[in-house]
Amino acid sequence: MELQDKVAIVTGGGSGLGRASALALSAAGAQVVVGDVDDAGCADTVAAIVAAGGAALAHHVDVSDARECEALVATTVSHF
């Protein structure tokens, strides 16, 4: 899968399957926005992506709050 010049948003990216997904998307070439309520977990995922040569951004988000989801998308669009 080739994802050069693509951007992915991964919610729950601070740990578990979300982190694995973020890392896999980055390895395939995507720039990744890692969203989670666990800020430290997001930072760890972003650090792993950057250390591997990828581009990533952490964003605090509670997906049960529509306004926070809208802010996640707005941040993604403005950053990438």
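Helix α3 (residues 66-79) lies across β1, β2 and β3, at about 155 degrees to β3. Contact here means heavy atoms within 4.5 Å. This is a predicted model: local features need pLDDT of at least 70, side-chain atom pairs count only at pLDDT 80 or more, and totals for chains, interfaces and linings use all residues. Residues are numbered from 1 along each chain as its sequence is written, and side-chain values use heavy atoms, with hydrogens and water left out.

**Overall fold**
- The chain holds three helices and three strands. Both are DSSP runs, numbered from the N terminus: helices are H or I with at least four residues, strands are E with at least two.
- Along the sequence the pattern reads β-α-β-α-β-α.
- The chain is as compact as a globular protein of its length, because its radius of gyration of 11 Å is close to the 12 Å that the globule rule gives for 80 residues. That radius is taken over C-alpha atoms, and the rule is 2.2 Å times the number of residues to the power 0.38.
- The C-alpha trace spans about 30 × 25 × 20 Å along its principal axes.

**Sheet**
- Three strands form an open sheet in the order β1-β2-β3, with parallel pairing. Strands pair if DSSP finds at least two bridges between them.
- The edge strands are β1 (7-11) and β3 (56-60), each pairing on one side only.
- From one strand to the next, the twist averages 20 degrees.
- Strand β2 (residues 31-36) pairs with β3 in the parallel sense over five bridges.
- V34 stands opposite A58 in β3.

**Packing of α1 and α2**
- Helix α1 (residues 16-27) packs on helix α2 (residues 39-51) at about 25 degrees, with axes 10 Å apart. Axes are lines fitted to C-alpha atoms, for helices over the stretch in contact; angles run from 0 to 180 degrees between N-to-C directions.
- The two helices, α1 and α2, are therefore roughly parallel. That label covers angles under 35 degrees.
- The crossing of α1 and α2 is right-handed, meaning that the near helix is turned clockwise from the far one by less than a right angle.
- On the α1 side, R19, A22, L23 and S26 make the contact; they meet G41, D44, T45, A48 and I49 in α2.
- By class, this contact has four nonpolar, three polar and two charged residues. Ala, Val, Leu, Ile, Met, Phe, Trp, Tyr, Cys and Pro count as nonpolar, Asp, Glu, Lys and Arg as charged, and the others, Gly among them, as polar.

Conventions:
Angles under 35 degrees count as roughly parallel, over 145 as roughly antiparallel, 65 to 115 as roughly perpendicular and the rest as oblique.
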